[in-house]
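Please look over the model shown here before reading the points that follow.

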There are 2 protein chains.
Amino acid sequence: METLVNGKQVKSVKSLQDIQSEVKVINRIAISVDCVIFGFDENKLKVLLIKSDLKKFLGKWSLLGDLVDPKEELDSAAYRILKQRTGLDDVYLEQVHAFGSVNRHPADRVVTVAYCSLINVQHHKLKILDNELHWHDVQNVFELAFDHQEIFSTCYKWLQKRIQEHPLGFNLLPKKFSLRDLQNLYEAILNIKMDRRNFRKKFFAMDFLIDIGEMEQDVPHRPGKLYKFNFDKYSRKKKKWVGIDF
Amino acid sequence: METLVNGKQVKSVKSLQDIQSEVKVINRIAISVDCVIFGFDENKLKVLLIKSDLKKFLGKWSLLGDLVDPKEELDSAAYRILKQRTGLDDVYLEQVHAFGSVNRHPADRVVTVAYCSLINVQHHKLKILDNELHWHDVQNVFELAFDHQEIFSTCYKWLQKRIQEHPLGFNLLPKKFSLRDLQNLYEAILNIKMDRRNFRKKFFAMDFLIDIGEMEQDVPHRPGKLYKFNFDKYSRKKKKWVGIDF
DNA sequence: CAAATAATGTGTTAATTTTACACATTAAAT
DNA sequence: ATTTAATGTGTAAAATTAACACATTATTTG
């Protein structure tokens, strides 16, 4: 495969055929995507799990995932799984990490790409008809099948970090929400308590909340105002991060 | 494949053989790793590139990468590439993102997992004998082969963000460095100018720098003190991130 | 219907962190 | 000995964050 290029000898210039023979079937690996689907219900952060369909892990819960078809985009595979399982296709979805331990799957080498998804439980509550599918409180997720505990843990930490820098949390709430809802969401995800007055001040100062002039309904106390998030304004003004802080 | 579990009928319990037949050869995909290897030299952030060995991209530069063997860990594959190309095996390496567009590789479906590596150029300068391998100023990286421009761009942004929250930048410096070196590093990576006095104050306040009692040598001005980074202390005290800020 | 309850809604002050900025010191070069 | 070009240190203003208290409103209870 020695070739002349501009009169100089260049080593190992490869044609497509050369590559194709390198990428022999023997070198190929199964790829899957696994979705960590978060929801927020009754002021708790939830994750959607399914009973494992593999004998070795009978009784264990696992993430929702599937093999990626060679003609399918990774993102599309993740959307496909979400659509199949929740009935929704306009959900927030973001790739988090690839997990590729040689022995992570008992049947074969399967490299999996983990995605985080945030969905509004209120909107899809009724779509989950399969009773092998269940929302779990994130604080009670243990001993998942495969390496899904590690994947879940990575994605949960990712969410905790990410939600402090980007407004993705709103995907877990209804379009209209109260500031109390928003604070409950942050407290549930970060697993901390926050000062109500400072929390409000913070969000009002960012100026991305739109007062829609409506109030909460059917609450057993003074109803709060309802807001929605101004995604347009955010995408125009999003802050650029500068500041060293280990 | 109907089975009884605890007296209840469970649909579709799969044995390993079932899975293995699902993961047919036809469903497998080539996986590669691509390394974005950063270095720091003459106060500039550099990236190590190689001339593409593919005819379609003749003359274009590309990242260092290779196919992953089915028996090989993803991380190991990345280390292998680094070892081959730089002669070093104790380098900082971290997975950043998986890129899987169906048509990203002209020969076949190849999903690639991008890794960022940070190496100390001083230590390996002489190992790069292959003249098709070259350190490029990150500001002058254009039109790479494949989708490597996108991969590079993602990894560079990742580095800019990451270096502000974690002390990985020290991997780009010699073990002993001056505060000026450190500031030059940050300025090069973030592409901004910083105030020298505030920069020092910031790092001294974090209290992770050890004054090793030595001074710079052979500088044409007053020599500065040399420091090293206290990784042990950092790993004990690393800050947990709380604070909403979009 | 009045009182009690349990939330929402607002503001002020202290503490901390960040930014802006100036001058003395040191070693090498002239 | 003087000039030069860095290093090394400190202080004050500004901005942000943290701590904290009280009036308001709708519902529930007696």
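The numbered points below take up the confidence of the model, the relation of its chains, their interface, a pair of helices and the surfaces near DNA.

1. This is a predicted model, in which local features need pLDDT of at least 70 and side-chain atom pairs count only at pLDDT 80 or more, while totals for chains, interfaces and linings use all residues. Residues are numbered from 1 along each chain as its sequence is written, and chains are lettered from A, with ligands numbered from 1, in the order in which they are written.

2. Chain A averages a pLDDT of 90, and 90% of its residues score at least 70, where pLDDT is the predictor's confidence in each residue, from 0 to 100.

3. Between the chains, 59 residues of chain B are in contact with 59 residues of chain A, contact meaning that the C-beta atoms, placed from the backbone, lie within 7 Å. On the chain B side, helix 1 (16-22) is among the elements that supply at least two residues, as are strand 3 (30-41), strand 7 (92-99), strand 8 (110-118), helix 5 and helix 6; helices (H or I, at least four residues) and strands (E, at least two) are DSSP runs, numbered from the N terminus. The largest share, four residues, comes from helix 1 of chain B. By class, this side has 32 nonpolar, eleven polar and 16 charged residues, with Ala, Val, Leu, Ile, Met, Phe, Trp, Tyr, Cys and Pro counted as nonpolar, Asp, Glu, Lys and Arg as charged, and the others, Gly among them, as polar. Because 100% of the interface residues of chain B are also interface residues in chain A, the copies meet through the same surface.

4. How do helix 5 and helix 6 of chain B cross, and at roughly what angle? Their axes, which are lines fitted to C-alpha atoms over the stretch in contact, with angles running from 0 to 180 degrees between N-to-C directions, come within 11 Å and cross at roughly 105 degrees. Helix 5 and helix 6 of chain B are therefore roughly perpendicular to each other, a term that covers 65 to 115 degrees. B:Leu179, B:Leu182 and B:Gln183 of helix 5 make the contact with B:Arg196, B:Phe199, B:Arg200 and B:Phe203 of helix 6.

5. Around DNA strand C there are 17 residues, the closest being A:Arg180, A:Arg197, A:Gly224, B:Arg197 and B:Arg222; a residue is near a strand if its C-beta atom, placed from the backbone, lies within 6 Å of it. Helix 5 (179-190) and helix 6 (196-206) of chain A, together with helix 6 (196-206) of chain B, each give two or more residues to this surface, which has three nonpolar, five polar and nine charged residues.

6. DNA strand D has 17 residues around it, of which A:Arg197, A:Arg222, B:Arg180, B:Arg197 and B:Lys225 come nearest.

Definitions and conventions
Two residues are in contact if their C-beta atoms, placed from the backbone, lie within 7 Å. Angles under 35 degrees count as roughly parallel, over 145 as roughly antiparallel, 65 to 115 as roughly perpendicular and the rest as oblique.
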